[in-house]
Amino acid sequence: MSSLTNTATSSAMPRIKPARFVHVVYRSHRFDEMIAWYQKVLGARVQHYDPVIAFVTYDEEHHRVAFLNLSILEPDGPKERYDRVGVDHVAYTFDSLRDLMENYAQLKDMGILPYWRLHHGVTISLYYGDPDGNRLEFQVDVYKTNEDANAFMTGPGFAVNPIGVEFDPDAWLARLRDGEPEANFMVRTEHLPIAPLRNP
């Protein structure tokens with residue numbers, strides 16, 4: 001029998017779980033080739049494209065697949081290193097910012113902390129690394145409709161910063177628990193500085 005245990009907490013609050021799986025991000029030295037391939041295979045359309053990052057979708061979601069251009073992010077890196085190319089992270093969404101932040105608190109109590117905390121503009125996200133270094137994004141959508149999310153992704157704020165700005169989840173959680181409405185956190189009004197890339 002393995003040493004795996006049921007990780008559900010025995011406290012009054014049950015474990016908060018993601019509502020659904022939402023997207024995957026790939027790292028590639030074949031940036032444009034990958035985008036074109038996924039457009040063909042999934043019948044996808046490009047939501048945002050710049051030399052470093054691109055987002056595509058094939059349905060109502062603001063993005064289902066994203067691509068990071070390693071030729072710019074790691075220009076001197078080996079082109080065929082399969083430990084660098086491939087899946088960057090997978091993403092799960094929560095139903096509310098409060099759920100995302102309370103899940104952060106539950107994981108923190110278990111000694112699990114995010115390595116990256118970003119307001120992307122279209123989502124608010126916490127990134128975690130598993131024991132093998134695989135990355136998970138836990139997020140909440142900023143906008144209530146995909147039309148509004150798509151409008152942000154084609155607007156000037158996202159063009160200035162498609163990566164995101166960092167935030168302090170402990171401070172946000174304290175404000176939420178004090179009764180501040182979620183709406184105060186959602187729309188990204190400050191687009192700089194661009195968050196530095198971080199790894200687990």
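The paragraphs below take the helix pair, the pockets and the proline in turn.

This is a predicted model, in which local features need pLDDT of at least 70, side-chain atom pairs count only at pLDDT 80 or more, and totals for chains, interfaces and linings use all residues. Residues are numbered from 1 along each chain as its sequence is written, and side-chain values use heavy atoms, with hydrogens and water left out.

Start with helices α3 (residues 97–109) and α6 (residues 169–177). Their axes come within 10 Å and cross at roughly 120°. Axes are lines fitted to C-alpha atoms, for helices over the stretch in contact, and angles run from 0 to 180 degrees between N-to-C directions. Helices (H or I, at least four residues) and strands (E, at least two) are DSSP runs, numbered from the N terminus. The pair is therefore oblique; that word covers what is left after under 35 degrees (roughly parallel), over 145 (roughly antiparallel) and 65 to 115 (roughly perpendicular). The crossing of α3 and α6 is left-handed, with the near helix turned anticlockwise from the far one by less than a right angle.

Which residues of α3 and α6 meet? From α3 come Leu97, Arg98, Met101, Glu102, Tyr104, Ala105 and Lys108; from α6 come Pro169, Asp170, Trp172, Leu173, Leu176 and Arg177. Contact means heavy atoms within 4.5 Å. This contact has eight nonpolar, five charged and no polar residues. Here Ala, Val, Leu, Ile, Met, Phe, Trp, Tyr, Cys and Pro count as nonpolar, Asp, Glu, Lys and Arg as charged, and the others, Gly among them, as polar.

Now the pockets. The largest has a volume of about 430 Å³. A pocket is an open set of points on a 1 Å grid over the protein atoms alone, where a 1.4 Å probe fits, with protein on both sides within 12 Å along at least five of seven lines; lining residues have an atom within 4 Å of a point. The largest pocket is lined by 29 residues, with Leu68, Asp88, His89, Trp116 and Leu197 nearest its centre. Elements giving two or more residues to this lining include β1 (20–28), β5 (86–93) and β8 (135–141).

The second largest pocket holds about 330 Å³. Its lining numbers 16 residues; Asp141, Val142, Tyr143, Lys144 and Met186 lie nearest the centre.

Finish at Pro193, in the segment after α7. The peptide bond from Leu192 to Pro193 is cis, with omega near 5°.

Technical notes
Grid points are joined across faces, edges and corners, and a volume is the space filled by probe spheres set on the points.
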